[in-house]
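Good morning. Please have a look at the structure first, and then I will go through it part by part.

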Amino acid sequence: MTDATPPKKGGFVFSFNPFGNRAPVLTPLEKKRLHPELNVIADNSIEAFVAHLREQNLKRIIVMTGAGISTSAGIPDFRSPSTGLYANLAKYNLPYPEAVFSINYFRKSPKPFFTLAKELYPGCFRPTVCHYFIRLLAEEGMLLRCYTQNIDTLERVAGIDESYIVEAHGSFAGAKCVGKYRKPATATPAASSDATDGGDTTAAEEEAASDSDSDYFMEESDFKACGKEFSQDWVKEHVFTDRIPECDRCEGIVKPNITFFGESLPQRFHSMAVTDFGTCDALIVIGTSLQVQPFAGLINRVTGKVPRLLMNMELVGVEGISSTRGFDFEGDRHEYRRDALYLGTADSGCEKLAELLGYGDRLKELVKTEHAKLGFVTPAEETVDAGIADDDSLVPRDDVEEVNDVLDNLKL
């Protein structure tokens, strides 16, 4: 048996225990209790978030928005289980609900999208309290940028200068030719009389479009897009007269510049995000499911001590046990406590924020004045303080009934 006693040197016995003097491992919460400087905000309340904004005089705020900020205008969101756009589309003859926003499905069968676009087109809806709150931040010199997933252009209608706006998924503001699906010559049947006027899809194209497997990939030679640009007014005229807009150069389909599944995001999104999220001093996320990348990942691009506020109907953006990604509202995963949460509608959250910032009355007056300019005044507004109320008469049309009306026309 080998003697395990270490050799003696100068009468001393040397021993080494790698665990003997190790300090106990502290959890993130314990570290924050011992080191208060790790608490960027005092707690996860909206009040604590605003207190930090005011104490630090933060002036480079990024606001990220999704469909939830436009639902009070009558525009449905996408993923609500019963009233969302996809839930309503699911009962119609599409290979899957999202196909209405798939670029390759669109090239084969554009009619469903343009039928829907007629009701979603800019000019049919008024900006919400949330849109005007973002404008107020800009007027107060507190807004660095507004990144939106929405294609409704209500930020522009609300009077927010376009230099502040990054439309991550594009908008109806412009349009271009994206081509049109054409079967290879070997598979193309002889010309028939079933072709429809105004660019509507033929029976053969409808049959091809119903094949969901073919939606995922399409050779460029199958659609031949020339990329010619067209104005919003030109496209709108076609849409509102129930005509599919076709390119006068190559007979391809002209699509508004909104980003479909299968398309790259606008260059402005990529170029602005590189610098904006590294230099902002606060982040407010409103009305989004944070399910669509790369937009959802933007919340991880701000530096570690930048305070973040989520205002949403439900909890989103929490990424398991990650110590660096997603929100950490409990302060038990990330190094710094900096995330605040407000569960509720986008409008109520923005009204709360405005009150805490001292802009409550200004926001109410701005909404009342701007809605009057847009022709959305109703008798109810004469008796409602500043025009902000829960009265359904203030909404031009009921969001669910409005969407269901257009969806009835999508039966293919």
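Which residues have the most contacts inside the largest nonpolar core? They are Ile 284, Ile 286 and Met 311, and that core has 43 residues. A nonpolar core here is a set of buried Ala, Val, Leu, Ile, Met, Phe, Trp, Tyr and Cys residues joined through side-chain atoms within 4.5 Å. Buried means under 20% relative accessible area, exposed means over 50%, and partly exposed is in between, with a 1.4 Å probe and protein chains only. Helix 6, residues 129-139, gives the largest share of this core, eight residues. Helices (H or I, at least four residues) and strands (E, at least two) are DSSP runs, numbered from the N terminus.

Before I go on, two notes on the source. This is a predicted model, in which local features need pLDDT of at least 70 and side-chain atom pairs count only at pLDDT 80 or more, while totals for chains, interfaces and linings use all residues. Residues are numbered from 1 along each chain as its sequence is written, and side-chain values use heavy atoms, with hydrogens and water left out.

Now back to Met 311. Contact means heavy atoms within 4.5 Å. Leaving aside neighbours within four places in sequence, Met 311 is in contact with residues including Ile 46, Ile 284, Ile 286, Tyr 342 and Leu 353. As a general point, nonpolar side chains in soluble globular proteins tend to be buried together.

Next, the chain as a whole. The secondary structure comes to 13 helices and eleven strands. Of the 412 residues, 48% count as buried. If we take contacts between residues at least 6 apart in sequence, 72% of them join residues at least 24 apart.

Let us look at helix 6 again. Is helix 6 mostly covered or mostly uncovered? It is mostly covered, with ten of its eleven residues buried. Among those buried residues are His 131, Tyr 132, Phe 133 and Arg 135. The cover includes strand 3 (61-65), strand 4, helix 7, strand 9 (282-286), helix 11 (346-357) and helix 12. Just after helix 6, Gly 141 takes a positive phi of about 75 degrees.

Now the charged residues. A salt bridge is a side-chain nitrogen of Lys or Arg within 4 Å of a carboxyl oxygen of Asp or Glu. How many salt bridges does a search of the whole structure find? It finds 16. In one of them, Glu 139 pairs with Arg 362, and the closest N and O atoms are 3.7 Å apart. This pair links distant parts of the chain, because Glu 139 is in helix 6 and Arg 362 is in helix 12 (residues 360-373), 223 residues apart. Glu 139 is partly exposed, at 43% relative accessible area, and Arg 362 is partly exposed too, at 39%.

A second salt bridge joins Asp 339 and Arg 308, with the closest N and O atoms 2.7 Å apart. Asp 339 is in strand 11 and Arg 308 is in strand 10 (residues 308-312), 31 residues apart. Both of these residues are buried.

Glu 370 is buried, with a relative accessible area of 10%, whereas Lys 373 counts as exposed at 63%. Arg 135, Glu 139, Glu 140, Arg 362, Glu 370 and Lys 373 are linked in a network of salt bridges.

Last, a loop residue. Where is Asn 150 found? It is in the loop between strand 4 (143-148) and helix 7 (154-157). Asn 150 counts as buried, at 6% relative accessibility. A polar atom of its side chain lies 3.1 Å from the backbone nitrogen of Ala 67. Not counting residues up to four places away in sequence, Asn 150 touches Thr 65, Gly 66, Ala 67, Ile 69, Ser 70, Glu 155 and Gly 170.

That is the end of my part.

Definitions and conventions:
A polar contact is a pair of N or O atoms within 3.5 Å; within protein, one must be able to donate a hydrogen and the other to accept it, and residues adjacent in sequence count only if both atoms are side-chain atoms.
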